[in-house]
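Hi,

Here is the model for your files. My notes follow below it.

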Amino acid sequence: KVDRASHPEDTIIDLGGGVMIGGGHFQVIAGPCSVEGDNLLTIAARCKAAGATLLRGGAYKPRTSPYDHQGMGERGLDLLLEARDQTGMPIVSEVMDTRDVELFVNRGIDVMQIGARNAQNFALLKEVGRTKTPVLLKRGMASTLEELLMAAEYIMSEGNERVILCERGIRTFETATRNTFDLNAIPALHHLTHLPVAADPSHATGCARYVGPMALAACAAGADALEIEVHDDPANAWSDGPQALTCDEFDTTMEQIRAIRSAI
Ligand code: PEP
Ligand code: MN
């Protein structure tokens, strides 16, 4: 069960290779929005050098327009696995379709991400719930915390209790940012559930210059992990370029994250 009353202790999850999250274990998931090719290996090496502990990259992309890049598919997973071999970082990638869950499991993807657009795709939630692979469950863009918790319950009710919740911003009347980062969600979720709580300042802001400050705010609020989009050439990224940090910017943000974390 998802609720704190049923499980007073913080849940700690091994995300692969002994990389733990929750109960004081903090991780940084970094990488490009989309896997685009060999530049993934360059980005992964830079993220690792900066201090990231997991690599993210989308091989199946939920895009607003069907004419936008939809992801490299299985070739994208191959590149992620190659980057894992080179860096030792466990990999996180979004699964969009119940029909692909078995592929993700068979290929040994370390963490399956459920995106905001599938946050209440109950068939998909149940399908990943029948696996043993950790799931990074993002909050729907109009989901209440109760709806997010019940989405996690769908996964857990099928037997997979290895769920990480992720605040990634919600849709409000504000247009200056892509979404509104609900910082309240971090302490509120820690109160309501024992599951680890991650935060994604990239999608929450949609704007690279706000990512660093909101990453620090999420740490101060008690996030167990950050998911940050990083690209070697944001201006030419295939998706979400405006919110991607350059590798140099990510270096700086990681230094600041370490400073905040040692202060709290
Ligand atoms: C992503 O992580 O690239 C993504 C699509 O995130 P979200 O589902 O939160 O929009
Ligand atoms: Mn993205």
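Which residues surround ligand 1? The shell holds Cys33, Gly58, Pro62, Gly115, Ala116, Arg117, Lys138, Arg168, Asp200 and His203 (a residue is near if its C-beta atom, placed from the backbone, lies within 6 Å). By class, that shell has 3 nonpolar, 3 polar and 4 charged residues (Ala, Val, Leu, Ile, Met, Phe, Trp, Tyr, Cys and Pro are nonpolar; Asp, Glu, Lys and Arg charged; the others, Gly among them, polar).

Conventions: this is a predicted model, where local features need pLDDT of at least 70, side-chain atom pairs count only at pLDDT 80 or more, and totals for chains, interfaces and linings use all residues. Residues are numbered from 1 along each chain as its sequence is written, with chains lettered from A and ligands numbered from 1 in the order in which they are written.

The barrel: it is closed, with 8 strands in parallel pairing, β3-β4-β5-β6-β7-β8-β9-β10 (strands are DSSP E runs of at least two residues, helices H or I runs of at least four, numbered from the N terminus; pairing needs at least two DSSP bridges). β8 (residues 163–167) pairs with β9 (residues 197–199) over 3 bridges, in the parallel sense. Leu165 has Val197 in β9 as its bridge partner.

The helices: α4 (residues 122–129) and α5 (residues 145–157) have axes that come within 7 Å and cross at roughly 45 degrees (axes are lines fitted to C-alpha atoms over the stretch in contact; angles run from 0 to 180 degrees between N-to-C directions).

Best wishes
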